[in-house]
Amino acid sequence: MTQIAATKLVYFAWVRERVGKPDESVALPPGILTVADLLDWQKTRGEEYAHAFEHANVIRVALDKTHAQHDAPISGASEIAFFPPMTGG
Amino acid sequence: MHIATGNACTIRIQSQPFDIPAETTRLTVGRADIGAIVTFTGLCRDEGGRLKALELEHYPGMAEEEIGRVAETALQRWPLMGLTAIHRFGLIRPGEDIVLVIAASAHRRAAFEAADFMMDYLKTRAPFWKREHLLGGSIGGWVEAKAEDDQAAARW
């Protein structure tokens, strides 16, 4: 049997608050190829996820700590982060 | 990193305050080729007296890496002799410092531009999020990103 690698998902700011946890380890279902696919899947994972990812177009995503566009392939990233537009500085 | 001379590129993410004169001296000590130092400090405002503190959340690891990538671009673009970026996280009270950028070069133009570039990029790319804590004890909302910050970064 092939073991499906777990992916660590991490959340920040209001995305973290809405999801209700700072991070989790999940086995991504097959067919999720791009960041956009992943955002669509997140919406289906329950009420809190539906709320957090309601306006998925504004959510920023980082693959292994590097910014990624929504059309970028996930291609084996081990840590995927979701967060609002940044407000540092 | 591509430093004109020496290896004075410093990037730090920390909760404690920073010492601006000490950070400046770190860039200039033992050398006489630097002709311009531009220092930018971002402070926490009290927003007309309603703010008790700003809470800064960050993405550990990525914050350092992303500011490092922005610094790398600045070092390739301008002839810098030193570049420092320090960003605080945690609870920061009005009047306290949040962020420090120091750019050193032989001449002022490169130092001004590199510091300006660093701040524009840091604001739109470094993974930090601000939340307001209000006087009276309530926790306000997350600060919203401004379109003008994206426009400022697009200038470069």
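This is a predicted model: local features need pLDDT of at least 70, side-chain atom pairs count only at pLDDT 80 or more; totals for chains, interfaces and linings use all residues.
A residue counts as buried here if 20 or more other C-beta atoms, placed from the backbone, lie within 10 Å of its own.

Residues are numbered from 1 along each chain as its sequence is written, and chains are lettered from A and ligands numbered from 1 in the order written.

**Chain A**

Chain A has three helices and five strands, taking helices as DSSP runs of H or I with at least four residues and strands as E runs with at least two, numbered from the N terminus. Their order from the N terminus is β-α-β-α-α-β-β-β. The C-alpha trace spans about 45 × 30 × 20 Å along its principal axes.

Now zoom in on helix H2 of chain A (residues 35-43), whose buried residues are Val35(A), Leu38(A) and Gln42(A). Down the axis of H2(A) they fall within an arc of 60 degrees (from the directions of axis to C-beta atoms), so they line one face of the helix. These elements are among what covers them, by contacts (C-beta atoms, placed from the backbone, within 7 Å):

| Element of chain A | Residues |
|---|---|
| helix H3 | 47-52 |
| strand E3 | 60-63 |
| strand E4 | 66-68 |
| strand E5 | 79-83 |

**Where the chains meet**

On the chain B side, 22 residues are in contact with 14 residues of chain A. H3(B) gives the most to that side, with five residues.

Definitions and conventions:
A residue is buried if 20 or more other C-beta atoms lie within 10 Å of its own, exposed if 12 or fewer, and partly exposed in between; C-beta atoms are placed from the backbone. Two residues are in contact if their C-beta atoms, placed from the backbone, lie within 7 Å.
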